[in-house]
Amino acid sequence: MLERERIETAAFRLGYLSLVTLLLLPLLIIVSTSITESSYLSFTPKEISLRWYYEFLASERWISAMKNSLITSTGTMLLSTTLGVLAALGVEGSRGKLSAYIVPLVLLPLLIPAVVTAVTLLTFY
């Protein structure tokens with residue numbers, strides 16, 4: 001039984017490592033592409049340069065867009081975290097007939113994207 005647990009642990013770790021590698025590999029490719037000196041995209045940079053980062057930070061247009069994105073994402077994060085915690089506390093604290101209606105209402109945002117995707121696929125295919 002101990003040998004089986006060791007095999008399961010090793011298989012889990014291998015799967016976990018594979019998943020992390022699969023998720024981080026595109027990021028590695030993007031970063032290695034961004035440090036090239038050339039004017040076009042090339043995966044294996046011949047010369048390493050931070051040219052594109054300097055141009056990004058020197059552009060007022062990109063800085064303004066980054067500020068707008070950070071403001072929007074921070075507001076969204078705070079609002080969604082607050083609403084999620086309040087919804088979780090409300091579902092946990094509700095007992096009785098009303099709780100049968102509250103749980104589906106709270107889970108509705110999780111279900112809507114799947115329904116919209118299904119209807120869209122059904123319509124176009």
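A: Buried means under 20% relative accessible area, exposed means over 50%, and partly exposed covers what lies in between, with a 1.4 Å probe and protein chains only. The model is predicted, so that local features need pLDDT of at least 70 and side-chain atom pairs count only at pLDDT 80 or more, while totals for chains, interfaces and linings use all residues. Residues are numbered from 1 along each chain as its sequence is written, and side-chain values use heavy atoms, with hydrogens and water left out.

Q: Is Thr33 buried or exposed?

A: Thr33 counts as buried, because its relative accessibility is 15%. This residue lies in helix α1, where a helix is a DSSP run of H or I with at least four residues, a strand is a run of E with at least two, and numbering starts at the N terminus.

Q: Which residues does Thr33 touch, not counting residues up to four places away in sequence?

A: A contact is counted when heavy atoms lie within 4.5 Å. With residues up to four places away in sequence not counted, Thr33 touches Leu41, Ser42 and Phe43.

Q: Where does Ile35 lie?

A: Ile35 belongs to the loop between α1 and α2, and with a relative accessible area of 18% Ile35 is buried. Once its neighbours within four places in sequence are left aside, the residues in contact with Ile35 are Pro45, Glu47, Ile48, Ser49, Leu50 and Tyr53. Asn68, by contrast, is 33 residues from Ile35 in sequence and 25 Å from it in space, taken from C-alpha to C-alpha.

Q: How many salt bridges does the count come to?

A: A salt bridge is a side-chain nitrogen of Lys or Arg within 4 Å of a carboxyl oxygen of Asp or Glu, and by this rule the count comes to three. One of them joins the side chains of Arg6 and Glu3, at 4.0 Å from N to O; these two residues are three apart in helix α1 (residues 2-34), and therefore separated by about one helical turn. Arg6 is exposed, with a relative accessible area of 56%.

Q: Which residue forms a salt bridge with Glu55?

A: Glu55 is paired with Arg51, and their closest N and O atoms are 3.3 Å apart. Both residues lie in helix α2, four residues apart, about one turn of the helix; Glu55 counts as partly exposed at 42% relative accessibility, and Arg51 counts as partly exposed at 24%. In helix α1, the side chains of Arg4 and Glu8 also meet in a salt bridge, at 3.2 Å from N to O, and these residues, being four apart, are separated by about one helical turn. Arg4 is exposed at 53% relative accessibility, whereas Glu8, with a relative accessible area of 44%, is partly exposed.

Q: At roughly what angle do the axes of helix α2 and helix α3 cross?

A: Axes are lines fitted to C-alpha atoms, for helices over the stretch in contact, and angles run from 0 to 180 degrees between N-to-C directions. The axes of helix α2 (residues 51-58) and helix α3 (residues 60-93) cross at roughly 75° and come within 5 Å. That makes α2 roughly perpendicular to α3, since angles of 65 to 115 degrees are given that name, those under 35 count as roughly parallel, those over 145 as roughly antiparallel and the rest as oblique.

Q: Which residues in α2 meet α3?

A: Phe56, Leu57 and Ala58 in α2 meet Glu60, Trp62, Ile63 and Met66 in α3. By class, this contact of α2 with α3 has six nonpolar residues, no polar residues and one charged residue, where Ala, Val, Leu, Ile, Met, Phe, Trp, Tyr, Cys and Pro are nonpolar, Asp, Glu, Lys and Arg are charged, and the others, Gly among them, are polar.

Q: How many aromatic pairs does the count come to?

A: Rings of Phe, Tyr and Trp (its six-membered ring) pair if their centres lie within 6.5 Å, and planes under 30 degrees apart count as stacked, over 60 as edge-to-face and the rest as tilted. By this rule the count comes to two aromatic pairs. Phe12 and Tyr16 form a stacked pair, 6.2 Å centre to centre with 20° between the planes, and both lie in helix α1, four residues apart, about one turn of the helix. Phe12 is exposed at 59% relative accessibility, and Tyr16 is exposed with a relative accessible area of 53%. Phe56 and Trp62 form a tilted pair, 5.9 Å centre to centre with 45° between the planes, and Phe56 counts as partly exposed at 28% relative accessibility.
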